[in-house]
Amino acid sequence: MTTTPPPSNPTADQPQQGPAAPITMHGQYIKDFSFENPRAPQSLIEQTQPQLTLNVQVSNRQFDVKTFEVSLTIEASAHTPQKEPLFMLELVYAGTVTLGDLPQDAFGPMLFIETPRLLFPFARAIVANTTREAGFPPLNIAPVDFVALYRQQLEANGGQIPGLSEGPVGHA
């Protein structure tokens, strides 16, 4: 006696396709990195309170209609009260993303707010580990308000989203 298996349902064997994700991260990477400790070892011996300067910027570069490289640039430096440099750090940490089916007005917030929020913890860890490995206390950067940073960039560009090509985005 032979038994035949019940016919398979072709749609049941395939995973259910939901709506496309609003953002797909293809990869994250250090694009550029520099650390200078010009006064070592003297800077490590001195016990003075450093004056820190920190600057964070977000930029993007468009590869395709919906594929972008988003770069998070962090510049940090420390000086003695006498303005002698202790360290200088510059990190460009980037990620390549593809945006899902989104209206054009959502591209800016996704590229300048949400993607940097995904990149920031990794960039922050690189900065903290580097300063610690250089002999300084780790520089733990406080969370960045990417919404305020995005608004500043919009104001500086006259309301235009920086880095996006002219014309309708997302239409072939």
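Predicted model: local features only at pLDDT ≥ 70, side-chain atom pairs only at ≥ 80, totals over all residues.
Let us begin with the strands. Helices (H or I, at least four residues) and strands (E, at least two) are DSSP runs, numbered from the N terminus. Two strands pair if DSSP finds at least two bridges between them. Strand 2 (residues 51–62) and strand 3 (residues 67–79) are joined by 12 bridges in the antiparallel sense. These two strands form a hairpin, with 4 residues between them.

The open sheet has 4 strands in the order 1-4-3-2, with antiparallel pairing. Its edge strands are strand 1 (23–36) and strand 2, each of which pairs on one side only. From one strand to the next, the twist averages 15°. In general, strands of a sheet pair through backbone hydrogen bonds.

Next, look at the loops. Most residues other than glycine have a negative phi, and most peptide bonds are trans. Lys-83, in the loop between strand 3 and strand 4, has a positive phi near 70°. A cis peptide bond, with omega about 5°, joins Ala-40 and Pro-41; Pro-41 is in the loop between strand 1 and helix 2 (42–45).

Helix 3 (residues 107–133) comes next. Its 27 residues reach 38 Å from first C-alpha to last, close to the 39 Å expected at 1.5 Å a residue; that expected span is 1.5 Å times one less than the number of residues. Helix 3 has a kink of about 40° at Arg-117, shortly before Pro-121. The bend at a residue is the angle between axes fitted to the seven residues ending there and the seven starting there. Just after helix 3, Gly-135 takes a positive phi of about 100°.

Finally, see how the helices meet. The axes of helix 3 and helix 4 (residues 146–156) come within 9 Å and cross at roughly 140°. Axes are lines fitted to C-alpha atoms, for helices over the stretch in contact, and angles run from 0 to 180 degrees between N-to-C directions. The contact (heavy atoms within 4.5 Å) includes Phe-112 and Phe-120 of helix 3 and Tyr-150 of helix 4. Helix 4 also lies across strand 2 and strand 3, at about 65° to strand 2.

Technical notes
Residues numbered from 1 in each chain as written. Heavy atoms only, no water.
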